[in-house]
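Please keep the sequence and the 3D view at hand while reading.

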Amino acid sequence: MEDCIFCKIAAGQIPSTVVYQDDDVFAFRDLNPQAPEHILFIPKRHLASMAELTAADGPLLASIFTAAKDVAHQLGLEQGYRFLTNVGPHAGQSVFHLHFHLLGGRDMGWPPG
């Protein structure tokens, strides 16, 4: 999608601090971190949100979750971390490209926000 900021980041058209990438997944540091470690994981293929996923996207999700687990380990977050996505504006989604937040390096309260 040509106007999507996350598509442009994954394509290298907008600079980012890349943490991980493979053929399907791209991960980079959030510019407005909400925790000492705040990494965004996106599929390289544009999907607006989790609401667009189908059963055929299972392998993509497995790749995203595995990448997040590996990055969390590399960052030393074995004590715990949060991995989440927002779906729609009422949930706080502001960029309409499926993305997951990996948050760690501090205690996380419940319920969030």
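Ser 49 counts as buried because its relative accessibility is 9%; buried means under 20% relative accessible area, exposed over 50%, and partly exposed in between, with a 1.4 Å probe and protein chains only. The model is predicted: local features need pLDDT of at least 70, side-chain atom pairs count only at pLDDT 80 or more, and totals for chains, interfaces and linings use all residues. Residues are numbered from 1 along each chain as its sequence is written, and side-chain values use heavy atoms, with hydrogens and water left out.

**Loop residues**

- Ser 49 belongs to the loop between strand 3 and helix 2 (58-74); helices (H or I, at least four residues) and strands (E, at least two) are DSSP runs numbered from the N terminus.
- Not counting residues up to four places away in sequence, Ser 49 touches Val 87, Gln 93 and Leu 98, where contact means heavy atoms within 4.5 Å.
- Thr 85 is placed in the loop between strand 4 (81-84) and strand 5 (100-104).
- Apart from neighbours within four places in sequence, Thr 85 is in contact with Met 50, Leu 98, His 99 and Phe 100.
- The side chain of Thr 85 also reaches the backbone oxygen of His 99, at 2.7 Å.

- Ile 39 is part of strand 3 (residues 37-43), and it counts as buried because its relative accessibility is 0%.
- With neighbours within four places in sequence left aside, the contacts of Ile 39 are Val 19, Ala 27, Phe 28, Arg 29, Leu 75, Phe 100, His 101 and Leu 102.
- Ile 39 and Ala 72 are 33 residues apart in sequence, and their C-alpha atoms are 9.3 Å apart in space.
- Ala 10 sits in helix 1 and is buried, since its relative accessible area is 18%.
- Beyond neighbours within four places in sequence, Ala 10 is in contact with Phe 26, Ile 42 and Lys 44.
- The C-alpha atoms of Ala 10 and Gln 79 are separated by 29 Å, and the two residues are 69 residues apart along the chain.

**Cysteines**

- A disulfide is a covalent bond between the sulfur atoms of two cysteines.
- Here a disulfide is taken as a pair of cysteine sulfur atoms within 2.5 Å, and by this rule the count is zero.
- The closest cysteine sulfur to that of Cys 4 is in Cys 7, at 3.7 Å, which is too far for a bond.
- Cys 4 is buried because its relative accessibility is 6%, and Cys 7 is buried because its relative accessible area is 13%.

**The largest pocket**

- The largest pocket holds about 550 Å³ of space.
- On a 1 Å grid over the protein atoms alone, a pocket is an open set of points where a 1.4 Å probe fits, with protein on both sides within 12 Å along at least five of seven lines; lining residues have an atom within 4 Å of a point.
- Grid points are joined across faces, edges and corners, and the volume is the space filled by probe spheres set on the points.
- The lining of the largest pocket has 30 residues, and Asp 30, Asn 32, His 38, Leu 40 and His 101 lie nearest its centre.
- Helix 1 (5-10), strand 2 (25-29), strand 3, strand 4 and strand 5 each give two or more residues to this lining.
- Helix 1 supplies the largest share of the lining, three residues.

Conventions
A polar contact is a pair of N or O atoms within 3.5 Å; within protein, one must be able to donate a hydrogen and the other to accept it, and residues adjacent in sequence count only if both atoms are side-chain atoms.
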